[in-house]
Amino acid sequence: MTETARSTPRLRLAASRLDTLWPGLLVCGLAALAAQFLSDHYGTPAMLLALLIGLSLHFLVEDGERCAAGIGFASKTVLRLGVALLGARISFEVFVGLGFGVIALIVGALLATLVFGWITARLLGRGWRLAILTAGAVSICGASAAMAIAAVLPRNEFSERNLSFTVFGVTLLSTVAMILYPILVQLIGLSDHAAGIFLGGTIHDVAQVVGAGFSVSDQVGETATTVKLIRVSMLAPFVLILTLSLRKAGVEEPRDGKRPPVVPGFVLAFLALACVNSLGAIPEAVQSALWALSKWAMLTAIAAVGMKTELRRILSVPMQSVVLIFLETLFIAGVVLAGAMMLL
C-alpha cells in the first residue's frame, strides 16, 4: 500500500472531525470576539462578558446538536491550549529581580489562602472541590487558574456550575479591587514598591492588576505586573501537585476508561515555554503573539463554559459559596498587605 493510500483514511477522519467541531468552535469564537469588542468600548472585563454571553447561548448545547461537540472541544482542548501558552510570558528573571522576601511572601500567601479556603469551606458546609477551585483562583491568577484547576479536578454534577460561579466571582471581585485597592494604598501611604507588591499579590486577574497599578504610577504598575507574573508562574506547579495528590488519594477522574497522565500535557507545555522564554529564546514579537493567542483561547473557552452552564444553576449557588470566595479574597489581601508593610 502506498503512503498516499494509507494517509487517505486519516485525512477523511480529520475532515469528518473538523466538520463536527467547526460550528461550535465558530460560535465560541464569535462570542469571544463580541466580548472583546464590548470590553474595548465599555471597559468591562472581557472574561466576564464572555461568560455572560456564553450563558445566554446555553440553548445551543441543549437544543443544538450541531454545535455541542465544538463547544465541548472549546471548553476543554482550547482551554488547555490557552493555559499552556501562558508560559510564554513567564521568565525566571522576574524571581531574581524582586528578591527572596517578595517571592516568599507570594508563595506563603498562596499556601495560607489554600489552607484558609479549605478550613472555611468545611465550616460553611462546602465541598473540597469548591474549596480548591476558589482558593486556587483567588491566590494564583483568577479565571485562568480556575479553568486550569477545573481541568484536572474530578467532575461531579456541580462541576460546570462551580466553575462558572468561580469565574464570575473572581472576575467581579477583581474588578472591584481594581477600583478600591489603589485608593486604599494611597490612604495607607504605602511606598511605590510596597503598593506594587500589594496590588500584584492580591488582585485576581492580570488585566485588572495592570489597570490598578498604572492608575497609581508607572513604578507601581511595573512592580505589580511583575509580582502578578510570579503568581501566574505558580499555576503549573500547583496543577502538577494537585494532579499527583489526586492520583495518590485515588480520586482522579478516568478519561476514556484510562487513568489520566501523571503530568497533564498542558502543564508540560507551560513549563517548557517558561524555560525557553527564560533562556531568552522567544523573541519579543513571538512572545506577544503567543500571549495574545493565549488570551483569545481563554476567552473562547470561557464562552464555551458559559454555554454549557444553565443560568438558573448559577443563580442557585448557595450563599455559603459566595461568602467563601469573598472571605478568601479578604484573607489574601490581609496577608499580602501585612507582608508588604513588613518588607518596607
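What percentage of the 344 residues in the protein is buried? Buried residues come to 51%, where buried stands for under 20% relative accessible area, exposed for over 50%, and partly exposed for in between (1.4 Å probe, protein chains only). The model is a predicted one, so local features need pLDDT of at least 70 and side-chain atom pairs count only at pLDDT 80 or more, while totals for chains, interfaces and linings use all residues. Residue numbers start from 1 along each chain as its sequence is written, and side-chain values use heavy atoms, with hydrogens and water left out.

As for the overall make-up, the protein has 17 helices and 0 strands; these are DSSP runs numbered from the N terminus, with helices being H or I of at least four residues and strands E of at least two. Of the contacts with a separation of 6 or more, 80% fall to residues 24 or more positions apart, a contact being heavy atoms within 4.5 Å. The protein exposes about 15,800 Å², and carbon and sulfur atoms supply 68% of that (Shrake-Rupley method, 1.4 Å probe; for residues, only the protein chains shown count as cover).

Next come the helix pairs. Helix α7 (residues 128-139) packs with helix α8 (residues 142-150) at an angle of about 145 degrees, and their axes are 7 Å apart. Axes here are lines fitted to C-alpha atoms, for helices over the stretch in contact, and angles run from 0 to 180 degrees between N-to-C directions. The α7 and α8 crossing is right-handed; a crossing gets that label if the near helix is turned clockwise from the far one by less than a right angle, and left-handed if anticlockwise. On the α7 side the contact is made by Ile132, Leu133, Gly136 and Ala137, and on the α8 side by Gly142, Ala145, Ala146, Ile149 and Ala150. Sorted by class, that is 7 nonpolar, 2 polar and no charged residues, with Ala, Val, Leu, Ile, Met, Phe, Trp, Tyr, Cys and Pro taken as nonpolar, Asp, Glu, Lys and Arg as charged, and the others, Gly among them, as polar.

Helices α9 and α17 pack at an angle of about 35 degrees, with 11 Å between their axes, and their crossing is right-handed. From α9, the residues Phe165, Thr166, Gly169, Val170, Leu173, Tyr181 and Ile188 meet Ser321, Val322, Ile325, Phe326, Thr329, Ala333, Leu337 and Met341 of α17. By class, this contact counts 11 nonpolar, 4 polar and no charged residues.

Two threonines of α9 are worth a look. Thr166, in helix α9, is buried at a relative accessible area of 0%. Apart from residues up to four places away in sequence, Thr166 touches Leu130, Leu133, Thr134, Ala137, Ala146 and Ile325. Thr171 is also found in helix α9 and is buried, with a relative accessible area of 1%. Thr171 and Met47 are 124 residues apart in sequence, yet 7.3 Å apart in space, C-alpha to C-alpha. Not counting residues up to four places away, Thr171 touches Pro45, Leu48, Ala143, Asp205 and Gln208. Gln208 sits in helix α11 (residues 206-216) and counts as buried at 5% relative accessibility. Its contacts, leaving aside neighbours within four places in sequence, are Pro45, Thr171, Ser174, Thr175, Met178 and Ile203.

On the aromatic side, a search of the whole structure turns up 2 pairs. Rings of Phe, Tyr and Trp (its six-membered ring) pair if their centres lie within 6.5 Å; planes under 30 degrees apart are stacked, over 60 edge-to-face, and the rest tilted. Phe116 and Phe331 are stacked, at 4.3 Å centre to centre and 5 degrees between the planes. Phe116 lies in helix α6 (residues 100-123) and Phe331 in helix α17 (residues 319-342), so the pair ties together parts 215 residues apart in sequence. Phe116 is partly exposed at a relative accessible area of 23%, and Phe331 is partly exposed at 25%. The rings of Tyr181 and Phe198 have centres 5.1 Å apart and planes at 40 degrees, so this pair is tilted. Tyr181 in helix α9 (residues 159-188) and Phe198 in helix α10 (residues 192-202) are 17 residues apart. Tyr181 counts as buried at 12% relative accessibility, and Phe198 is buried at 1%.
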